[in-house]
Every structure is written in C-alpha cells, then in structure tokens.
Amino acid sequence: MSRARNTGLFLVLAAAWGTAFVAISAGLDHFPPVLFAAFRYDIAGILMLAYAAYAVDDWYPTGRAEWAVVAVGATLLIAAYHAFLFVGQQHTTAAAAAILVSLSPVLTTGFARLLMPSDALSLLGVVGVGLGLVGVAIISQPETGELLAPDVVGKLLVFCAAAAFALGSVLTRRIDAALPIETMEAWSMLGGALLMHLISLVLREPIEPATWTDPQALGALAYLAVVASALGFLLYFDLLERLGAVEINMVSYVAPIFTVIAGWLYLDEVIDAATLVGFLLIALGFVLVKRRAIRETLGRSRASDARSSTDADSD
C-alpha cells in the first residue's frame, strides 16, 4: 500500500508540475511575464505561510542564518528562476521549457562540486554534465547568424532559470540553518514575489487589470498558485521524506511527459525530434551524474521488497 501510495502521489506531482508549463503559456496571453509570476507567488506564499503556521512550530525565521537561507531562496529559487522562466517561455513551447528545466538536478550536482572542490566529479560525472549541456544546445538549435533569434533567446533564458534554481538549491544547503522546509518555502515565496514586483516595475511592464479578468487568465493563475505551487510543494515535502532526494528528483523527467500531452491537447503544440533528443541526453546525463545514488536507492528498494516477501511467507 505504501509503494502504491508513493507512486500515485509521485505521478500526481509530476502531472501538477508538468501541466504548470502549459498554464504558464496560457496565462502569458493575458499577463506580462514577471508580473504574472509575482501574482502566482503572492497567492502561493500566503497559502504556504498559513500551512507553515499550522504544521510547524518555527513558522517564522529567527536569526541571521535562517533569514540568509530565506534570502537565497527568495532571490534564486523563486525570483530569478521564475522571472527567467516566464520571460523565456514567451518565445518557446511549454514542452521545451519543461525539458530544459529538467536539467536542474544535473546542474545542481555541478554547482555542488564547484563550490566544494574536495568532492570533485568523477570522469563519468563530468561526461554527464556535458551531455546535459549538449542536450540544451540541441533543443535551442542555434543557427549561424540567428543566435539572437527570439526562440533561441527564449530557450537560453529558460536554461538560466534552471541554473538559478540549481545554484539556489546548493547555496541553501550550505547555510547552517535549522529552519523547517515549509517555513523556508513560505517566506521565500513571499520574498520572491516582492522581488518580482520590483523587477516588473523596473521593466515597466504594462498594468492592464481588464485583461486579467479573462477566464483563461484567472484559471491559469489559480492553477499555478494553488495546484502547482501550494499543493505541489506539499506533495513534494511528503515525498521527499518518504522517497529521498534522488527518487524525488526523477519527477523532473516524468513531468515533461505530462507537459507534452497537455500542450498537445490544449495548445496544439507538437514536440519535434531535436527536443526529444535533447531530453534523452539530459536524462542520460542525470543517470551518469547520480549513478551511485541511484544504485544505492535501487539496492535499498530490493532489500525492502525482499524483507516484505519474507515477512509475507512467514505469515
């Protein structure tokens, strides 16, 4: 029952996060990109803060280290990631964006090794990171004389989003702060939303409330804030505790499948061969980078299955 429950929740999370890219594309028809992302986390941050106040005792950061981890989360995990993603996705498909973002676990390992030289990547690990970057290049498909074409720039901005998230993931782990993850996420969301509002003002994005009342605009915003962000992160916290970091990272490679299906059904998007090849290279890069952790996880899973079988036989 536990295995079936975890698998079911994993697929729900992959579906929520995969279809979020389609909701972004739909909402960008009505909202300016950075302001759209800010609105998303205005709502999600309030919901997460309410949950943190209910679920944990330390729902408010105290001390320099705890505020530092919130500041990193707000700046990189929320503001930079989503500003780059939403602006970039104006010029690329939802599927391509989801696949490019799936590079984050590979980049996270790369940043971790750069910031901790004593834990250097093996040769296969370096090859894995390289394959991921080659996958990005194939998906971007830059041609001579067209390096600044809107679709190429859009995909590179989405790559910057993945890099910002990866760097933020490493830096938040390096800060010695005993802050519950629910609290960190809630305050990071609110801080990131504030930063994105400021960025939106600096970019002079148009403020046209009349366009925000379209049913598609409201539906996309509600889906992103409530389903993909608030409920999605609650599922993530639950599965992270049950499955561990390696298995939960695999959601990055299942989510694009839901993006492709939803993008085809709702936006008439079709994935091309180059994007598919790029995705396969990124996934292979993840396997090479995380091969030891994957092997250990599979070993524990087999041992657990063997114990369950033995207990059943004894009964």
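The following legends describe close-up views of a predicted model. Local features need pLDDT of at least 70 and side-chain atom pairs count only at pLDDT 80 or more, while totals for chains, interfaces and linings use all residues. Residues are numbered from 1 along each chain as its sequence is written, and side-chain values use heavy atoms, without hydrogens and water.

**View 1. The largest nonpolar core has 48 residues.** Such a core is a set of buried Ala, Val, Leu, Ile, Met, Phe, Trp, Tyr and Cys residues joined through side-chain atoms within 4.5 Å; buried means under 20% relative accessible area, exposed over 50%, and partly exposed in between (1.4 Å probe, protein chains only). Phe21, Phe36, Tyr41, Leu85, Phe86, Met196 and Leu224 have the most contacts inside this core. Among the elements giving two or more residues to the core are α1 (2-27), α2 (33-55) and α4; helices are DSSP runs (H or I, at least four residues), numbered from the N terminus. The greatest share, 10 residues, comes from α2.

**View 2. Helix α4 (residues 94-101) is mostly covered.** Eight of its eight residues are buried, including Ile99, Leu100 and Val101.

**View 3. Contacts of Phe21 beyond its neighbours within four places in sequence.** Phe21 is in contact (heavy atoms within 4.5 Å) with Tyr81, Leu85, Gln89, Ala94, Ala97, Ala98, Val101 and Thr259.

**View 4. Tyr266 lies in helix α12 (residues 251-267).** The relative accessible area of Tyr266 is 48%, so this residue is partly exposed.
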